[in-house]
Amino acid sequence: METEIELKFFVSPDFSDILKQKISEAKVLQHSCKELGNIYFDTADSWLRDHDIGLRIRQSDGVYVQTVKTSGRVVAGLHQRPEYNAEHSSNEPNLLLHPDDIWPEGRDVSVLQQQIVPLFATNFEREQWLLSMPDGSQIEVAFDQGVVVAGEQQSPICEVELELKSGQTESLFTLARLLSDQGGMRLGNLSKAARGYRLAQNYVSDPVLDFALIETDPKFSVEECFVQSLEHGLSHWHYHEQIYCEQQTVEALEQIDYAIHFIRQLFAVYGGIIPRRASALLRQEFKWLEEELSWLKASQYLEDLTEDKGYTLRKLDCQKQLVAVLNEQKEALPSSELILKLFESARYTAVLLDLSRWILSKGWQPFLDDKAREKMAQDVKPFAMKQLDRSWAELIEVFPVERELSRQDYIDQQSRLRRNLFTGLAFAYLFDLELRTQFRLPWVDLLEGIDDLLTLEPLQQLLPELEESDQEQLERWIRRQEMSILHAMEQTRARCIEAAPYWHRYN
C-alpha cells in the first residue's frame, strides 16, 4: 500500500508555457511524456462509490496497472488517499490481485468480482517531471490534457498535479506557491474520477448547502477542536468554490463568504491561547478577501428590493423609476468573470495554500509557550464555555435592555453580532442542540432585522434623484418601514436578553 499525497490544480491549456518556464529553473531528475488510458469500474448500484472506493485499470505503452483507492482526506486541494497497485495483463478487472483486507468487512470479493462493470474512461496525455527540491524532497509534476468519456458524453481535462514522492509535505506547498505566483491555477478537490462518476450519472453539479454544524466530540482537546473547525470551514469554502465555477450563482459565493468570516472568527476565539503573530499573515489576507466580497450584502439588498419587479415598492408612484435604477446598480456589481479571475489569481490561491499548510503543519505550535501548550491539550468543553460567556457578556453590553436602540445603534453592531454567532457555531455540537437553537434563534432574527434595515439604504441614497413629491412619499415610506422593523427588533432583543444561556446548564 502507498499513501498518495498530492495537490491538484485546474488550469487552462496555455498554462503549459508558464509551467515549463518555472520547471526549467528547477532541478529536474526525470522528464517524460506519455499517453494514458484509464477505465473506471463499479457495480450497477455504485457499491464501490458508496464505500468511497475507486477501482481503475491504467494502460500505457502496453503495460496495465490495476489500482484500488480507498477513502482519504482532502484539505484545500491536498489529497491524501491510500492506494493499492497491482500489475495486470488486460482491461478486465481482477479483484484477487489485491489484499483481502482492503475491502469492507462482510463483502464476498468473488461475488463483487461478478458485479463489476466499466463506467467511464479518462484518456489524456501526461507530461511529467520529477523535481528535486532544495531540502531533498522529490516531487512529481504532471500536466494532463485530454477528456473524460462516459458513453456519448465528454468533458475536457486540463490539470496540473503535484505528487510528493519522498520528503516533506511542506515542500509540496512551497512548489505550489512557486508555480502559482503568476496566477492561472485553481486548487481542485474534484478528481478526474469524480468528474467521470458525474458524467456517467448525468450529474451536473452539487447543491449549495448551508453551513453544517461541526460534529465536535466533547472528548476533543482544545487543539483538536480548533483543527476540526478550521478544516470544516475550509471544506465548506472549497466545496462552494467548485459550485460557483460551474454555476456562477450568488448563493454559492455567499457560502464562501460565510466560511471565510467563520474561519477569521476562529482566529479570534482561540486568540487567547495562540498569539496573534502566529496567524498575522493569514488574518491580513482574510481581511483582503472579505473586502473583495464585501459587495455581496449590497447584492442581497438590491435583489430583495427588485424581486418580482419591485413588488415591495408597489405602493410608491416612482416604483418603476426606482426599480430601473436599482437594476442598474445590480448590473454594476462585480461580474462572474471577475470572480472566476479572482479564484485563479496568485493571491487567492496563496491564501488557500497557506491556510491548508498552516492546518496540516499546525503552524501555530512554534509560537506557543509551555502554558499555552498545556491549555491546547485540555478538554475543549471548559474552554468553549469560557468563550461563550465572554461572547454573551459582550452582547449584553452592546444591546442593553434598559434603553431603546436606534436604527444606527443596531447597524453599528452588525459585525459584532455576526462574530458572536460564529463563536456559538464553533462549539454547537458540545451542547444540547435544541436548547442551543432556542437560545440562538432570537439573535439570528435580530441579525436579520439589521439586514432589513440596511435593505432600505439603497433607497435612502436615491432620494436626491427624485422629484420633490416622490421624494416626500419615499421618505414617509422608508420611515414607516424602519419603525415597523425597529418595533419588531426591540421585542426580539428583549427575548434575547431574557433567555438563559444554554451552556450554563452544564456548570
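Is Arg495 buried, partly exposed or exposed, and at what relative accessibility? Arg495 counts as partly exposed because its relative accessibility is 42%, and partly exposed covers the range between the 20% limit for buried and the 50% limit for exposed. Keep in mind as you read that this is a predicted model.

**Arg495 and its partner**

The side chain of Arg495 meets that of Asp445 in a salt bridge, with 3.9 Å from N to O. This pair links distant parts of the chain: Asp445 belongs to helix 17 (residues 433–455) and Arg495 to helix 19 (residues 468–498), 50 residues apart. Asp445 is partly exposed too, at 34% relative accessibility.

**Two further pairs**

By the rule used here, the model has 29 salt bridges. One of them joins Asp181 to Lys22, with 2.6 Å between the closest N and O atoms. Here again distant parts of the chain are linked, as 159 residues separate the two. Lys22 sits in helix 1 (residues 15–24), while Asp181 lies in the loop between helix 4 (169–179) and strand 10 (186–187). Which of these two partners is buried? Lys22 is, because its relative accessible area of 8% falls under the 20% limit. Asp181, with 42%, is partly exposed.

Glu163 and Lys165 form another salt bridge, and their closest N and O atoms are 3.6 Å apart. Glu163 is buried, with a relative accessible area of 14%, whereas Lys165 is partly exposed at 44%.

| Asp445 | Arg495 | 3.9 Å |

**A positive patch on the surface**

Which residues gather in a patch of positive charge on the surface? They are Arg314, Lys315, Arg476 and Arg480. Residues in a patch have no salt bridge and over 30% relative accessible area. Lys315 counts as exposed because its relative accessibility is 64%, and the limit for exposed is over 50%.

Definitions and conventions. Residues are numbered from 1 along each chain as its sequence is written. This is a predicted model: local features need pLDDT of at least 70, side-chain atom pairs count only at pLDDT 80 or more; totals for chains, interfaces and linings use all residues. Side-chain values use heavy atoms; hydrogens and water are left out. Patches are made of residues with over 30% relative accessible area and no salt bridge: like charges are joined within 9 Å, nonpolar side chains (Val, Leu, Ile, Met, Phe, Trp, Tyr) within 5 Å. Accessible areas come from the Shrake-Rupley method with a 1.4 Å probe; for residues, only the protein chains shown count as cover. A salt bridge is a side-chain nitrogen of Lys or Arg within 4 Å of a carboxyl oxygen of Asp or Glu. Lys and Arg count as positive and Asp and Glu as negative; His and the chain ends are not counted. The place of a charge is taken as NZ of Lys, CZ of Arg, CG of Asp or CD of Glu. Buried means under 20% relative accessible area, exposed over 50%, partly exposed in between (1.4 Å probe, protein chains only). Helices (H or I, at least four residues) and strands (E, at least two) are DSSP runs, numbered from the N terminus.
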